[in-house]
Amino acid sequence: MNIGLLYSRIRKDEKLLLSELRERDHDIEKIDVRKQQFNISEAPEAFEDLDLVVDRCLSTSRSVYATKFARAYDVPVVNGPDVAEVCSDKVKNSLALVEAGVPTPDTDVAFTKDAALESIEDFGYPCVLKPVVGSWGRLMAKIDSRDAAEAILEHKETLGHYEHKIFYVQEFVDKPGRDIRVLAVDGEPIAAMVRSSDHWLTNAAKGAETDPFELDDRALELVEKASDAVGGGLLGIDLMEVGVSEDDPEPDDYTVHEVNHTVEFKALNDVSEVDVPAQVVDWLESKAGSESGTETTA
């Protein structure tokens with residue numbers, strides 16, 4: 001198998017994938033998108049004779065455009081640009097989940113500071129303000145008062161970039177100090193972990209503690225539905241438990257707050273008994289073997 005890897009930086013996640021691919025004697029074409037030119041008619045030499053392209057770009061815009069070109073060059077790609085566009089934008093992500101009947105936190109989107117403040121007041125305090133594009137918990141704010149809301153909204157309004165003028169306001173979910181990250185391929189979980197923290201943000205990138213997690217039937221159902229909602233592929237699906245208390249530690253249900261398309265899995269691999277990169281490569285081999293020159297559904 002001849003695999004192309006789209007990247008802008010080789011992190012531990014990419015090193016794990018590359019090591020597993022090399023152990024299986026696959027040919028690898030590392031494609032640094034920062035140094036590549038993508039012609040609208042003729043594929044670059046790096047794309048010749050590839051069985052599959054794997055998108056591992058850090059930048060959302062590079063990810064979307066590079067995968068669009070891969071599709072134009074008739075090279076199968078995971079995850080494809082349609083999935084990238086939905087997952088990289090929190091508004092599109094939320095709309096896709098709701099349309100698929102997946103429980104997700106109640107959310108308003110507003111385009112002016114005054115309209116956003118009205119949404120915040122309607123949700124009540126605390127509530128959450130998120131950037132429409134972003135990862136690792138960056139630029140997210142838990143808003144506890146009207147004074148804080150006014151200050152944060154004013155800062156966002158003056159930051160300049162148009163994305164900061166799209167105000168994504170979300171209810172605050174009272175989760176039990178943790179959330180759940182599931183790595184799944186076409187809706188089938190490879191492994192799952194909980195990320196626990198005293199901070200309201202429980203991202204591993206923010207220093208949350210990680211432990212393996214066993215998915216129950218309801219969580220498995222939601223992972224599959226959330227994957228289908230965004231188009232499938234190699235995805236990180238984030239869930240929060242709802243209705244957990246000291247007296248009743250079992251959740252009443254889950255809410256899916258996000259689906260990620262260039263998912264990191266190094267922390268999951270460290271805590272799971274599953275060989276995560278091996279499972280991912282198993283799936284990549286199956287995708288390359290089934291595509292025969294057409295784009296994957298991812």
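Biologist: How many nonpolar, polar and charged residues does the lining of the second largest pocket have?
Modeller: In this predicted model, the second largest pocket has a volume of about 330 Å³, and 15 residues line that pocket. Sorted by class, its lining has six nonpolar, four polar and five charged residues.

Biologist: Which element gives the largest share of the lining of the second largest pocket?
Modeller: The residues closest to the centre of the second largest pocket are Thr60, Ser88, Val133, Tyr162 and Glu163. The largest share, five residues, comes from H2.

Biologist: Why are the buried residues of helix H5 said to be on the same side of H5?
Modeller: Helix H5 covers residues 113–123, and its buried residues are Ala116, Leu117, Ser119 and Ile120. Asp114, Glu118 and Asp122 are exposed on the other side of H5.

Biologist: Which strands and which helix do the buried residues of H5 pack against?
Modeller: The residues in question are Ala116, Leu117, Ser119 and Ile120, and their partners include strand E5 (107–110), strand E6 (127–130) and strand E7 (141–143). The buried residues of H5 also pack against strand E8 (167–171) and, as the helix asked for, H6 (146–158).

Biologist: Which residue follows H5, and what is its phi near?
Modeller: Helix H5 is made up of residues 113–123, and the residue that follows H5 is glycine 124. The phi of glycine 124 is positive, near 85°.

Biologist: Is glutamate 14 buried or exposed?
Modeller: Glutamate 14 has its place in helix H1, which holds residues 12–23, and, when residues up to four places away in sequence are not counted, glutamate 14 touches Leu5, Arg9 and Arg56. The relative accessible area of glutamate 14 is 0%, and since buried means under 20%, glutamate 14 is buried.

Biologist: What does the relative accessibility of alanine 229 make that residue count as?
Modeller: Alanine 229 lies in helix H7 (residues 217–230) and touches Ala96, Leu97 and Ala100, if residues up to four places away in sequence are left out. Buried would require under 20% relative accessible area and exposed over 50%. At 23% relative accessibility, alanine 229 therefore counts as partly exposed.

Biologist: How many Å apart in space are alanine 229 and valine 83?
Modeller: In sequence, alanine 229 and valine 83 are 146 residues apart. In space, taken C-alpha to C-alpha, the distance between alanine 229 and valine 83 is 9.5 Å.

Notes:
Residues numbered from 1 in each chain as written. Predicted model: local features only at pLDDT ≥ 70, side-chain atom pairs only at ≥ 80, totals over all residues. Heavy atoms only, no water. Buried < 20%, exposed > 50% of the residue type's maximum accessible area, 1.4 Å probe, protein only. Helix = DSSP H or I, 4+ residues; strand = E, 2+ residues; numbered from the N terminus. Contact = heavy atoms within 4.5 Å. 1 Å grid on protein atoms, 1.4 Å probe; cavity = no way out; pocket = protein on both sides within 12 Å on 5 of 7 lines; lining within 4 Å. Points joined across faces, edges and corners; volume = space filled by probe spheres on them. Nonpolar A, V, L, I, M, F, W, Y, C, P; charged D, E, K, R; others polar.
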